[in-house]
Amino acid sequence: MKTLPTSARAIVIGGGIIGCSTAYHLGKIMDEVVLLERKKLTSGTTFHAAGLVGQLRTSANITQLLGYSVELYKKLEAETGLQTGWKMNGGLRLACNADRWIEVKRQATTAASFGLEMHLLTPREAQELWPLMEISDLVGAAYLPTDGQANPSDITQSLAKGARMAGVQIFEDTPVTRIITDLGRVTGVETEFGTIQCDKVILCAGQWTRSLAATVGVNVPLVSVEHQYMITEKIDGVTPNLPTLRDPDRRTYWKEEVGGLVWGGYEPNPKPWAVDGIPEGFHFDLLTSDFDHYSQFMDDAIARVPALASAGVKQLLNGPESFTPDGNFILGEAPELNGLFIGAGFNAFGIASGGGAGMTLAEWAATGSAPYDLWPVDIRRFGRAHSSTDWVRARTLEAYGKHYTIAWPSEEMQSARPTRRSPLYAHLEQAGAVFGEKLGWERPNWFGTKGAKDGYSFSRPNWFDAVGREHKAAREAAVLIDQTSFAKFLLQGPEAESALSHIAANRVDRPVGSLIYTQMLNDKGGIEADVTVVRLSYDSYYIVTGTGFATRDFHWISKGLAGFDARLTDITSSNSVLSLMGPRARDILARLCPDDISNAAFPFATARHISVAGCRVLALRVTYVGELGWELHLPADMAVTVYTALMAAGAKDGLINAGYRAIETLRLEKGYRAWGAEIGPDHTPIESGLAWACKLKTDQNFRGRAALQAQLAGGVNKLLACFTVDDPTIPLLGRETIYKDGQRVGWLASGGFGHTIGKPIGYGFIRVQNVTEDFVLSGKYELDVAANRLPATVHMAPLYDPKGAKIRA
């Protein structure tokens, strides 16, 4: 009978690479850490992982996280004395057609932006690194010399030993039977050997995570999928220093192992596993090899590596892995339960992520904050739609099948749609809407002829002209945009003002009817939320934020209410939103509204109830496109009435439907920021040009104020700037490297096209110690776009101002 401690400061559940890495890092920053494993270390999915370690991702911070894994794996054996199987043999990525080559060149630009070494190679140069491959179809390749591979079980055992050396207690064969909670937070765990009290639980249970989390009301959107790879006998010419190889056009990956090859792939028709639940006692188990299913890779694989045709086969390994709906793993504190942290859903790259994921989870759990912005993998990116296992499985299987397909700009997923629909869905569909999806919501991206579909490209996509028409209408006439998917919260209570004043960087102690644009900051001054607030009464506020941030922002605000007599309610589904924008907006609205909506009676940054087409509407005088306009918030059952009346009333003024892609081009011209692109937890309002929206000239305290005051006194190390390129055919998409006088100084956070100015636009931070606006505006700039440097012009003021239609380009 084993003896467990009765209490701990933190408990890690799961003894795979993520759990052991988390325990290893927790042990270095706190005492009384316990790891509980239901069976044996590595016995879930870690033991059968392929072990490739790549680093480059589309996010700088996720690339940094993976780079941390590499740095840890380099030194871990020396620290613990246990071999890890780590070798930095580099990684090759192949391109077999023109579009893939553009993608690879853009990846090389991304690597340069993030400071990661990556070389573009000719087919012959690639073959010199990987002599066994046939290259007649290659256009080019990319080589990352710091990528590598590891032995998954060895590296996990080494992490476990490092954890024990730091004082972590590890108990195998100790399944957790219950997570204990009280009043919305974790208080301990129960096992058959006893109960352990604790304040923090880090759940790293792989494909078991979803079901265990669900027992305490926490949703972790992942499902199990079969994944196969083949292990060959020794092959002449396979050497220990052979780089890992990814051949995405043939959907396969390769690595050396004991003189032979391990190779696998991501098929377009994956097989879900454990649809009815994971079998009891499943550990160190594999699934039956499915040679028929795997055979779809064989012809392409042999064409790439002819030696495979005569190679002996040791094993076709079939092991289940946990995958997620968007192909990114899941980290962070569960929004439903304080003190429960999740690290799961690693989409078959848990070995590459393990070191960095464990580090970030440990710091997150220990301090309550992530070490840096981890939005692409934050559990709060999910929402209501993801609580359905059927939805999650359908989307996850699509994401798995796209693992190696070209990642087109603005590409939309097609599975599990439609789920959440505005009352206007059928009307917009009839009008030619091409919908996108966010957090389960169908949203109009652009309007074409009925039945139009997205056509993706690395140059101008097929919606370019249609979006241009919507953009022009917004600038010269008016557009109507269905933004029903906005997340909408109601904050109420006698201490609502005090609570919000503490959370919000801008003043909210304004008169009833005031509309306030504000950020909500962390202790470092980073922007955790970017919202619009309307004061409805002395004790209630209406808060509006972006569709994709519904879970995150609700969680952030709710945590900020601790100690205040105030409550937050999500009313997203109750209200529709119609945004009427453009210079003719007032004329159109006035035809349906008996209320005085003149500028004197209804100025900018105010909100009031008005009557529109006989319906009571909360009208917000605000804009995200840089034109006169209102957001009309109204009960969902009135949306069709108001929409049809507005379209009829605005017909003679040129009113048309518009979508989210036009919103993007319009806001880029006006210089409006987007959370998750130009602003986020790593960026302060001072750095982002948003100091004007902070109450720094008042004596009111707010979270993050001290950090902002320190920046004002001591300067900043990055400033957001706008860039344009004169060639209108150049696509700026984000992550293009910024060069100033020949030196790399940053990268674009976002990109698009300004249809009014007729030029590509991008925004990015100039990252230089003690940077000033004068420094930014001096010198000669270039942007690296797909390995081509192009001259660019820098701007610190908006490119477009509707007052007199001033254009600066």
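This is a short chat about a predicted model.

Me: What should I know about the source first?
Reply: The model is predicted: local features need pLDDT of at least 70, side-chain atom pairs count only at pLDDT 80 or more, and totals for chains, interfaces and linings use all residues. Residues are numbered from 1 along each chain as its sequence is written, and side-chain values use heavy atoms, without hydrogens and water.

Me: Is Ile 102 buried or partly exposed?
Reply: Ile 102 counts as partly exposed because its relative accessibility is 28%. Buried is under 20% relative accessible area, exposed is over 50%, and partly exposed is in between (1.4 Å probe, protein chains only).

Me: Which helix is Ile 102 in?
Reply: Ile 102 is in α3, residues 98–114. Helices here are DSSP runs (H or I, at least four residues), numbered from the N terminus.

Me: How far is Ile 102 from Phe 458?
Reply: Their C-alpha atoms are 7.5 Å apart. Along the chain, they are separated by 356 residues.

Me: New topic. How many residues are in the largest nonpolar core?
Reply: That core has 47 residues. Such a core is a set of buried Ala, Val, Leu, Ile, Met, Phe, Trp, Tyr and Cys residues joined through side-chain atoms within 4.5 Å.

Me: Which residues have the most contacts inside it?
Reply: Leu 26, Ile 202, Phe 329, Leu 331 and Leu 374. Contact means heavy atoms within 4.5 Å.

Me: Which element gives the largest share of this core?
Reply: α9 does, with eight residues.

Me: What does Phe 329 touch?
Reply: Not counting residues up to four places away in sequence, its contacts include Ile 62, Leu 65 and Val 377.

Terms used. Helix = DSSP H or I, 4+ residues; strand = E, 2+ residues; numbered from the N terminus.
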